[in-house]
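Subject: Structure handover

Dear colleague,

Here is the structure for your files. My notes follow below it.

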Amino acid sequence: MATWGLILETTVGSGEHKHTEAYVMAHVEGGREMALAELERRARAYTPEHPRSPKRRRLFRDGDGFLLVVDGAWQSHATRFSAAELLDDTARPAAAERVSDEPVAAEVLPAPTQELPPPPPSPSPTVERDEDGVPVKPAWLGRTDLP
């Protein structure tokens, strides 16, 4: 009996830190059609982190997988779902993690972690500020290294 991996590929991060990550959502033991049926169920139920305010959602079948395109207010976000036959695994999944012929409850995936830029350095406590917190004297005033 073949073991199929249900794989999710999505873009995480933002700006220059944006990259694609792949996650194995589950393993299915059985035939290709059974794996594709479970993959479609998961693709239809999946809610991506971005965009925050989706305007349109389209799910496409593509060979042994699906492509989810969600249009947001500013840009579109794509998530690819694929079923691939497992040929080798150095750490075989436990029997409880595998999907059988019985229906299973929807599995919530952990949200992909985003790399956030470090917080800006806190201003020196000796800087005089007005009631809005804006420095009274600009930081660049009096610098000799500026043209």
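How many aromatic pairs does the structure hold? The structure holds 1 aromatic pair, where rings of Phe, Tyr and Trp (its six-membered ring) pair if their centres lie within 6.5 Å, and planes under 30 degrees apart count as stacked, over 60 as edge-to-face and the rest as tilted. The partners are Tyr46 and Phe81, in an edge-to-face arrangement with 5.5 Å centre to centre and 75° between the planes. The pair links distant parts of the chain, 35 residues apart: Tyr46 sits in the loop between α1 and β3 (56–61), and Phe81 in strand β5. Both Tyr46 and Phe81 are buried; buried means under 20% relative accessible area, exposed over 50%, and partly exposed in between (1.4 Å probe, protein chains only).

Before the rest, the ground rules. This is a predicted model, in which local features need pLDDT of at least 70 and side-chain atom pairs count only at pLDDT 80 or more, while totals for chains, interfaces and linings use all residues. Residues are numbered from 1 along each chain as its sequence is written, and side-chain values use heavy atoms, with hydrogens and water left out.

Strands

Helices (H or I, at least four residues) and strands (E, at least two) are DSSP runs, numbered from the N terminus, and two strands pair if DSSP finds at least two bridges between them. β1 and β2 run antiparallel and are joined by 10 bridges, with Thr10 opposite Glu21 in β2. They form a hairpin with 6 residues between them, and Gly13 in the turn has a positive phi of about 85°. β1 also pairs with β5 in the antiparallel sense, over 7 bridges. Here Glu9 stands opposite Arg80, and Leu8 has Phe81 as its bridge partner. Because 7 of the 10 residues of β1 are buried, this strand is largely enclosed by the rest of the structure. β4 and β5 are antiparallel as well, with 7 bridges, and a hairpin joins them through 4 residues. Val70 stands opposite His77 in β5.

Core

A nonpolar core is a set of buried Ala, Val, Leu, Ile, Met, Phe, Trp, Tyr and Cys residues joined through side-chain atoms within 4.5 Å. The largest one has 16 residues, of which Leu6, Met25, Leu39, Phe81 and Ala83 touch the most other members. Two or more residues each come from β1 (3–12), β2 (19–29), α1 (32–45), β4 (65–71) and β5 (76–85). The largest share, 4 residues, is that of α1. Leaving out residues up to four places away in sequence, the contacts of Phe81 (heavy atoms within 4.5 Å) include Ile7, Met25, Leu39, Ala43, Tyr46 and Phe66.

Salt bridges

With a salt bridge taken as a side-chain nitrogen of Lys or Arg within 4 Å of a carboxyl oxygen of Asp or Glu, the count comes to 8. One of them joins Glu38 and Arg42 (2.8 Å, N to O). These two are 4 residues apart in helix α1, so about one helical turn separates them, and both are buried. Another joins Glu33 and Arg32 (3.1 Å, N to O). Glu33 is exposed at a relative accessible area of 56%, whereas Arg32, at 36%, is partly exposed. Arg61 and Glu40 also meet in a salt bridge (3.4 Å, N to O). This pair links strand β3, which holds Arg61, to helix α1, which holds Glu40, 21 residues apart. Arg61 is exposed, with a relative accessible area of 54%. Salt bridges that share partners join Arg32, Glu33 and Asp64 into one network.

Regards
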